[in-house]
Amino acid sequence: MMLPIVLCSIVALAIIIERLWSLRPGRVTPPNLLGQVWRWIQDKQLNGDKLKELRAGSPLGQILAAGLANSKHGREVMKECIEEAAARVIHDLERYLNALGTIAGIAPLLGLLGTVLGMIEIFSSFMGSGMANASQLAGGISTALITTAAGLFVAIPALFFHRYLQRRVDELVVGMEQEAIKLVEVLQGDREVDLNGGRA
């Protein structure tokens with residue numbers, strides 16, 4: 001049972017590294033992006049190429065671009081388009097987190113299964129030989145328990161990073177929601193902004 005546990009550890013490590021890289025706040029919600037968009041609007045530079053650049057630049061850019069592309073159709077249509085884009089972005093941000101949570105749940109069970117199978121094998125061999133040596137029995141049990149320790153060794157960091165990364169996604173989503181709300185209010189005339197995207 002050590003092979004599946006080792007495979008789980010490799011997959012979990014790969015997911016953790018990839019998600020830590022992908023969920024950097026500066027990559028997901030670049031600072032002053034809304035201010036940059038507002039400058040484009042004021043300078044009448046907002047066109048299809050700028051929207052494409054905005055969409056390709058970051059997850060927040062995808063959401064803002066969806067709103068900007070539909071800003072002429074009114075507040076409700078704009079908000080619906082932003083919500084649709086946000087759903088896609090959130091799905092991408094949460095990629096692989098379910099797999100990491102599954103590894104955190106299954107690794108200790110694999111370890112326990114390995115231990116149980118090892119114990120069955122140990123006791124079966126003693127019953128077949130008809131003699132029980134205490135030192136051999138103790139050695140066999142300690143070997144069987146290695147899989148449980150290995151399973152826990154994989155599961156504990158996987159669970160920690162699953163919770164940590166889920167929390168980071170939640171924080172990023174809240175930040176993107178606030179920026180999207182500002183964009184809707186600015187374009188619909190409910191709010192004035194300075195060039196940094198703050199409330200005037």
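These are my notebook entries on a predicted model.

I'm working with a predicted model, where local features need pLDDT of at least 70, side-chain atom pairs count only at pLDDT 80 or more, and totals for chains, interfaces and linings use all residues. Residues are numbered from 1 along each chain as its sequence is written, and side-chain values use heavy atoms, with hydrogens and water left out.

**Entry 1: the record.** I looked up UniProt, and its unreviewed entry puts the feature "transmembrane region" at residues 99-120 and 141-161. I noted that UniProt positions follow the numbering used here, feature names are shortened, and annotations may be inferred rather than shown by experiment. Then I checked what the model has there. Residues 99-120 come out as 100% helix and 0% strand, with the end C-alpha atoms 31 Å apart. For residues 141-161 I also got 100% helix and 0% strand, and the end C-alpha atoms lie 31 Å apart. Helices here (H or I, at least four residues) and strands (E, at least two) are DSSP runs, numbered from the N terminus.

**Entry 2: helix 3.** Which residues are buried in helix 3? I found Leu33, Leu34, Gly35, Val37, Trp38 and Trp40 buried in this helix, which covers residues 33-42. My cut-offs: buried is under 20% relative accessible area, exposed is over 50%, and partly exposed is in between (1.4 Å probe, protein chains only). Just after helix 3, Lys44 takes a positive phi of about 55 degrees.

**Entry 3: salt bridges.** I counted a salt bridge wherever a side-chain nitrogen of Lys or Arg is within 4 Å of a carboxyl oxygen of Asp or Glu. How many did I get by this rule? The count is four salt bridges. Side chains of opposite charge can pair when their charged atoms come close.

- Glu18 and Arg19 pair at 2.6 Å, N to O. Glu18 is partly exposed at 27% relative accessible area, while Arg19 is buried at 3%.
- Arg167 and Glu171 pair at 3.4 Å, N to O. They are four residues apart in helix 8 (residues 134-187), so about one helical turn separates them. Arg167 is exposed at 53%, and Glu171 is partly exposed at 47%.
- Glu179 and Lys182 pair at 3.4 Å, N to O. These two sit three residues apart in helix 8, so again about one helical turn lies between them. Glu179 is buried, with a relative accessible area of 19%.

I jotted down the general point too: an α-helix has 3.6 residues a turn, so residues three or four places apart point the same way.

**Entry 4: surface patches.** Patches use residues with over 30% relative accessible area and no salt bridge; like charges are joined within 9 Å, and nonpolar side chains (Val, Leu, Ile, Met, Phe, Trp, Tyr) within 5 Å. Accessible areas come from the Shrake-Rupley method with a 1.4 Å probe, and for residues only the protein chains shown count as cover.

Met1, Leu112, Leu113, Val116, Leu117 and Ile120 make a nonpolar surface patch of about 500 Å². I placed Leu112 in helix 7 (residues 97-129), and Leu112 is partly exposed at 46%.

**Entry 5: one distance.** I found Ile146 in helix 8, partly exposed at 47% relative accessibility. How far apart in space are Ile146 and Cys81, and what is their separation in sequence? They are 53 Å apart, C-alpha to C-alpha, and 65 residues apart in sequence.
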